[in-house]
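Here is a friendly walk through a few local features of the structure shown below. Keep it open beside the text as you read.

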Amino acid sequence: MIQPLADATQDTINGEQSPLIELTDVSKSFGGVVALEHVDFSVRPGEIHGLVGENGAGKSTLMKIIAGVHASYEGEMRVEGKPVQFRSARDAIAAGIGMVHQELSVVPDLTVAENVFLGVQPVKAGGIIDWSGMKSQARGLIASLGLDLDPNTRVGSLPVGVQQLIELSRVLFSGARTIILDEPTSALSPPEVARLFVALRKLRAEGKGLIFISHFLDDVLEISDRVTVFRNSRRVATEPRASLDKDKIIGHMIGRGSAEMHMGETATLNARRDEPALLTARDIADGRSLNGVSVELKRGEITGMYGFMGSGLVEFARALFGRHGFTRGDITLEGKPAHFRSTAAARKAGLAFVPENRGMMLFRTEPVYKNVSIAMLDRIHKLLLKPQEERAVAKHHIKDLQIRPPLTDIPLGSLSGGNQQKVALAKWLTNMPKILILSEPTRGMDVGAKEDVIRIIKTLRDKGVSILVLSTEPETILTLADKIYVLKRGVVVSEMNAGTVTKSDLLAAA
Amino acid sequence: MSSAPTADKGFNPKQVFADKLRTIAPLLTLVALVVFFSSTTTTFATMDNAVNIIRQMSITGIIAVGLTFVILTAEIDLSVAAVANAVGITVAYFTLQPDYVNIANIPLNGWIAIVLTLLSALAFGLITAFGMTKIGIPSFIMTLAIMQIANGVSALLVRGQIAYIYPDFITTLGSKTAFQIPLGVDEAGKALFIPVGWTIIVCLLFFIVGHFVLTYTRFGRYVYMVGGNREAAEFSGVNVKLIIGSVMVISALCSGIAGMLGVAYFGSAQQNQFDTYLLDAIAAVVVGGTSLFGGKGGIGNTIIGLLVLGVVNNGLDHIQMDSFQKILIRGLILLAALVINVYVEKFRERV
């Protein structure tokens, strides 16, 4: 069942190659919410097809249809000219479609050879694994991607870029002629990106079709032959690389010039330059996700930090709050060193943190008031708890933040997501922090709740709290921030203090 | 104006019931067992036997209080029985033994012996806490190692011998009667009493203090929060490691005190005499409805669990049956109680 690498499907009809994948007029909706609208899409043999668009624009829905994950949709899909209707991911793999996910699925404790043949080890008579055959085949497969590796090496000890190539070789081995790569460069250093591109060009030369999904427009422009742009569930452009540049792509992504300008498209920054810094982080690095991040937070100012997934936002927020160790750099709070060993120490120093995932923050089965009071217990109680006082505090914040329903004793899990987020905020307002760190404060909220949260955050700013908002959504940053840092691969690549900033500025910087 | 449409549901009675079910289910199990043994035997349902059951469970009860703290944080302590044994032997080791007991021990003043012995219990707890929070060893493995170490300490101190003498205070608490319940007079005109031992009083004291700490103090709230969602507790600025370390120390101290009273209760200090207490204590906590996944339950649940266990252990002795079958039947009853516990957990998650 091993597919030789050079098995390119080079059907030529009237001098033109029939596409490996061709989707015509494909639509998909989830319970009334449209995810894809009348999309045409194709991949030719020997082509790298770049795919860009904001989060939620429809890219992943399209890829899941191609990979057989979504079985029901409208429209037609052809693979190598033949109409298909996949019922499962297995069908798609059998039809020669492979996918390399952003989150790698290699097993770190197994060897290179074992990973390449994961689940499909070649066996000899009697079901005994053919180790020597497996190793030599693995070596050949990896070598064809330009890697010279001992197949006995433990995968966990290799750099992420190499792990990714191993996963790619696994997909190739399964006989894939069309390969979907989801954000393949987000975790890679520049030399690793270069090595990946060498391997991808090699595959292209062999006649494979590659779909390259990425937020990194520079990478897309470097490697792609054609680029397709998605916006709001529609394909808005498919153009050859030669006729595109970064500005044009961003224009397609956000629909510049159209009547679609609304909240969060632009922001006028107003950093408080003369004010001294409350918290200063200098050159924070952890040897993996952070490569030297420096920021200044000031009283009464909202600092926005924008970056793509995997840019280090999550790690940086935790590093400030004493939850993520770093090996280089220092943090000072009001001039004093503030390298917190625990979250408890960070809280005592006046820091507060609301993580991106509410489940990390709240106690679902506990009543609302206990969720609100947890961070203030040591202030209102010396030894004994005072539940009535806790309820009074909770009631005050429920009213202030308009939490619905306005009850203190129902389990938190029975509130809606937006209201849970407000409870997460209320927790820190019981004990007014000096610095409030908010990771993705409005993600997944309905419009009303979003507006409430934005209003609350701005009120806190006006009361003098220093706020750091970290988000992968440009709208959130543009709506809130007085000052913006753009984070890319663990480094601050841009700092914006004044003037008008647009969404395309942010996308171009990241 | 701003709340999502799904948010405006009020109090959910089904959910409240599901929460209470955690306590209701073991309580019903207890009632069913009492009714069963009362109706099938004549000797079970007497005042005398009731006090007997409580006395039999009081040493386990002290251990179970500490274990409740541990299980509420979603950790486990497998060393409780071994620590109880080692500490019980330690207190005898520091007491002058009769000539025929051939142990090279260090006799001390009774109170000094008690203090030193308590420090040894504290040491076991601190080592466990250190291993878990500083080194990062999971509680299951860490306490398994401590169990073996404590057994080793027991073996070295008595070297196969049996000690009989303890400080007076310990002998009193472990084996003497605190007061007597008058039961009137018998036909011969002699007054009848039921003796209530000090172990019962001590155990009640542990229940009260344990319940008080868990329900009314900040530390207790943190214990529930760490068990309910450890990550959330950490992100709320709770010092999770301090809480975990503290519950392991509390558990070791409870086990140690239970061990001291236990050797006096048994009348002898020797190896392996607490072996059944590990399973009994864990079973009592879990059968009572405290979640092994942490965050739910409490001392009230543990008391119910202890009574269920006590009634099963004691009731089976009143039934005419093959004593070898009893062990199996006891296991089956515990399994049934645990199955109910898990179903309650699932039911609670669904609503």
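## Helix H13 of chain A

In this predicted model, helix H13 of chain A covers residues 387-400, which is 14 residues. Its reach from first C-alpha to last is 20 Å, close to the 20 Å expected at 1.5 Å a residue (the expected span is 1.5 Å times one less than the number of residues). Helices here are DSSP runs of H or I with at least four residues, strands are runs of E with at least two, and both are numbered from the N terminus.

The buried residues of H13(A) are A:Glu390, A:Arg391, A:Val393, A:Ala394, A:His397 and A:Ile398. Viewed down the helix axis, these buried residues fall within an arc of 165°, so they line one face of H13(A) (the arc is that of the directions from the helix axis to the C-beta atoms). A:Gln388, A:Lys395 and A:Lys399, on the other side, are exposed. Buried means under 20% relative accessible area, exposed over 50% and partly exposed in between, with a 1.4 Å probe and protein chains only.

The cover over the buried residues of H13(A) includes helices H11 (368-373), H12 (377-380) and H14 (417-429) of chain A, together with helix H8 (218-228) of chain B.

## Positive phi angles

Just after H13(A), A:Gln402 has a positive phi of about 55°.

A:Glu80 has a positive phi near 50° and sits in the loop between strands E6 (74-79) and E7 (82-84) of chain A. Its relative accessibility is 17%, so A:Glu80 counts as buried. For A:Glu440, phi is near 45°, again positive in a residue other than glycine. A:Glu440 is in the loop between strand E20 (435-439) and helix H15 (447-462) of chain A, and is buried at a relative accessible area of 6%.

## Cavities

Among the residues lining the largest cavity are B:Arg22, B:Thr29, B:Val287, B:Gly289 and B:Asn341. Helix H1 (13-40) and helix H13 (323-350) of chain B are the elements that give two or more residues to this lining.

## Reading notes

Residues are numbered from 1 along each chain as its sequence is written, and chains are lettered from A and ligands numbered from 1 in the order in which they are written. Local features need pLDDT of at least 70, side-chain atom pairs count only at pLDDT 80 or more, and totals for chains, interfaces and linings use all residues, while side-chain values use heavy atoms, with hydrogens and water left out.

Methods: Contact means heavy atoms within 4.5 Å. On a 1 Å grid over the protein atoms alone, a cavity is a set of points where a 1.4 Å probe fits but cannot get out, and a pocket is an open set with protein on both sides within 12 Å along at least five of seven lines; lining residues have an atom within 4 Å of a point.
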